[in-house]
Amino acid sequence: MTTLIWLRDDLRLADHPALTAACSGAHGPVVALWIHETRRTDEDNNRHGPRPLGAATRWWYHRSLQQLAPRLADLGIPLVFARGDAASIVRRVVATLQPTFVHWTRRYAPAACRLDAAIKEELKSRADVHSHPGSLLAEPWLMRTASGSHYQVFTPFSHAVADLPLAPLLPEPPPVDEPDGAATALATLREDGVLQNLEDLGLLDDGPAWWEDTLAQHWEPGELAAREQLDAVDNWLPGYAKRRDLPGEETSTSRISPRLRCGELSPRQALAAARSSTAAGEDITAWTRQLYWREFCWHLLHHREQLEDTPMRPAFAQFPYHPNDHLVRAWRHGRTGIDLVDSGMWQLWQTGWMHNRVRMVAASLFTKNMLQPWQDGEQWFWETLVDADEANNPVSWQWVAGCGADAAPYFRVFNPELQRTRFDPHSSYVKRWTPEGLARPVVPIVDLAESRREALAAYEQVRAASAARARPQRG
């Protein structure tokens, strides 16, 4: 009675409902599978599968999987790997391994849900297939407003989530029977080329050459490091409400976002740690609000599939952006001549991460002062952030661009110089991340005052066109 658990964005042992179920019901070997998935588009233009990982997250997953494999082996569970179309791979693995049970953690992006539902339907005659919660605090279909619709405004959503009970966390599962009975099947799958070594999955392809050194200087992927970071909650949470917008302070944020992204920590673990800390109530509230924003983004994506590249507000599909490759390259490479933005882009390029305050300022400059399409900036963050989240990344970009849910008012254009003066008054952040000797423009590549006026005129143009379409036509 072999059990197969298909791991995805849940690279941990503790508080893992799918893994707990796989181990508690096991009367034979348990095999864990992780797939570097591709995404397929069918003849009706429907996507099947998760958004392919960006370069920085691929680096993180490679390192995290390296840490997870021996820990699973200590439980008697081999972790095997594959690359390609998940439906085909799971079909071949199940046909050869012949598991009695298949378990996985639910995904919530519609394209991934579509794939998982098709696989579950195909497998139901061969195995007992179970999907489990584990990556969100609440199931999106259970969170409803008084009118019965899903939440589209963050504040009431955050209040509703905060009121939910938090059940006890699940411990790591106990060891299971040795996988000897599955060894022959796994050997066959390797000989047939279905299973590969972790090093052959291509997770380290395409990123800048120095990432293998520089990212490792700033991050230690893996569940054990994640839990150590969370256990130190009383070191970084006290004072969070006042420090969280100060990018120059090393402990101004928790930096657990990449841990949540790949599931080294569950959001339940994060929430439980914050609530049990000795920090002041205002600090706990401010930090958990960020956790609830992540949750809100996933609930939005579950109900609105096109968030990745389509504005939530339809009128903004006609926004008069002015695509300019020169401006985009300057922004990406930290050569805009605007200190706070340039230092943020260099922090991103060196570490795969950027302080959230700086992310907002950089995104505002890109979409409003430079009038570049938000999708282009979102894609760059997707490739370069170790915490690039399939929901949080596009929803946050749409928020800054003014075309998303709970969006910043169209007339709010962050002034990056005033932001630097307010949040990095001693230029400690700018000095740390701007490379010495870097040739940068003496004059900013855009005039902040003039470009703000142009942005406001463009937003007014969109508003006027939308209002005109909404007015009834006289016959």
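1. Angles under 35 degrees count as roughly parallel, over 145 as roughly antiparallel, 65 to 115 as roughly perpendicular and the rest as oblique. The model under discussion is predicted: local features need pLDDT of at least 70, side-chain atom pairs count only at pLDDT 80 or more, and totals for chains, interfaces and linings use all residues. Residues are numbered from 1 along each chain as its sequence is written, and side-chain values use heavy atoms, with hydrogens and water left out.

2. Helix α3 (residues 86-97) and helix α4 (residues 110-123) have axes that come within 10 Å and cross at roughly 25 degrees. Axes here are lines fitted to C-alpha atoms, for helices over the stretch in contact, and angles run from 0 to 180 degrees between N-to-C directions. Helices (H or I, at least four residues) and strands (E, at least two) are DSSP runs, numbered from the N terminus. The two helices α3 and α4 are therefore roughly parallel to each other.

3. On the α3 side, the contact (heavy atoms within 4.5 Å) is made by Ala86, Ala87, Val90, Arg91 and Val94, and on the α4 side by Leu115, Ile119, Glu122 and Leu123. By class, this contact of α3 with α4 has seven nonpolar, no polar and two charged residues. Ala, Val, Leu, Ile, Met, Phe, Trp, Tyr, Cys and Pro count as nonpolar, Asp, Glu, Lys and Arg as charged, and the others, Gly among them, as polar.

4. An open sheet is formed by five strands in the order β5-β2-β1-β6-β7, with parallel pairing; two strands pair if DSSP finds at least two bridges between them. Its edge strands, β5 (79-84) and β7 (128-132), each pair on one side only. Strand β6 (residues 101-105) pairs with β7 in the parallel sense over five bridges, and His103 has His130 of β7 as its bridge partner. Helix α2 (residues 55-74) lies across β1 (3-7), β2 (30-37) and β5, and runs at about 150 degrees to β5.

5. A further helix pair is α17 (residues 374-384) and α18 (residues 392-401), whose axes come within 10 Å and cross at roughly 145 degrees. Trp374, Gly377, Glu378, Phe381 and Trp382 of α17 meet Asn393, Pro394, Trp397, Gln398 and Ala401 of α18. By class, the contact of α17 with α18 has six nonpolar, three polar and one charged residues.
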